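Here's a quick briefing on a few local features worth a look. Have the sequence and the 3D view open as you read.

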Amino acid sequence: MGRDPMSRLHGHLLIFSLMDSILLLVLLMSGFGASGGAVALFALLAALLLVPLGVVSIVMLHRKSAGGINVGIANFSLTGSLFLIVGVLGLISYISSEAGSLLLPVAITLLGISTLRRVSTMRNEAYSSWYHSHNTTQTYDEGNSEILSTCPNCDSILAVIPSKLTTDDICPNCSSKLVTMS
């Protein structure tokens, strides 16, 4: 529970991406509830491409790899679009023939909308800065580079040069010490 808000958001995005991939896999195995046709073939082919993208996205985001945000944005964009298209087509099919269930197309449409909303979260400058400051694949030139970090007391995002931090440095927001001697 003591994790900072950005870490919790990152965990939420990872879990959401995992759930999207699992639901996409379940829908893939069920044939998207369609009996056949061009729409079902399109959905099946798209899902076959998006499931591996989801797995790659989850791994890259979990490792905080350099291109993880871009792969995550692509994953959420494409998966959300697929859910939205399949859901809307299912709603149109239900309205025109009134065969089948209304619940599945509505749920898939709402899932598509919810998935697409995660794209703006990942494009948010605060999240992007946090992600890149915790990037495990970045290398720094002997500690003289400025990085983004958070205050240990108030969690505000600060730009610091690690090699120049001293025990006298204080947070401009809460006035607590940024470096403590343990």
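Which residues does Ser21 touch, not counting residues up to four places away in sequence? Ser21 touches Gly54, Val55 and Ile58, where contact means heavy atoms within 4.5 Å. Bear in mind that this is a predicted model: local features need pLDDT of at least 70, side-chain atom pairs count only at pLDDT 80 or more, and totals for chains, interfaces and linings use all residues. Residues are numbered from 1 along each chain as its sequence is written, and side-chain values use heavy atoms, with hydrogens and water left out.

**Helix H1**
- Ser21 sits in helix H1, a DSSP run (H or I, at least four residues, numbered from the N terminus).
- Ser21 is buried at 11% relative accessible area (buried is under 20%, exposed over 50%, partly exposed in between; 1.4 Å probe, protein chains only).
- Ile15 is also placed in helix H1, which spans residues 5-30, but Ile15 is exposed at 54%.

**Positive phi**
- Lys64 has a phi near 55°, lies in the loop between helix H2 (38-63) and helix H3 (68-97), and is buried at 19%.
- Ser175 has a positive phi of about 65° without being a glycine, and is exposed at 51%.

Definitions and conventions. Helix = DSSP H or I, 4+ residues; strand = E, 2+ residues; numbered from the N terminus.
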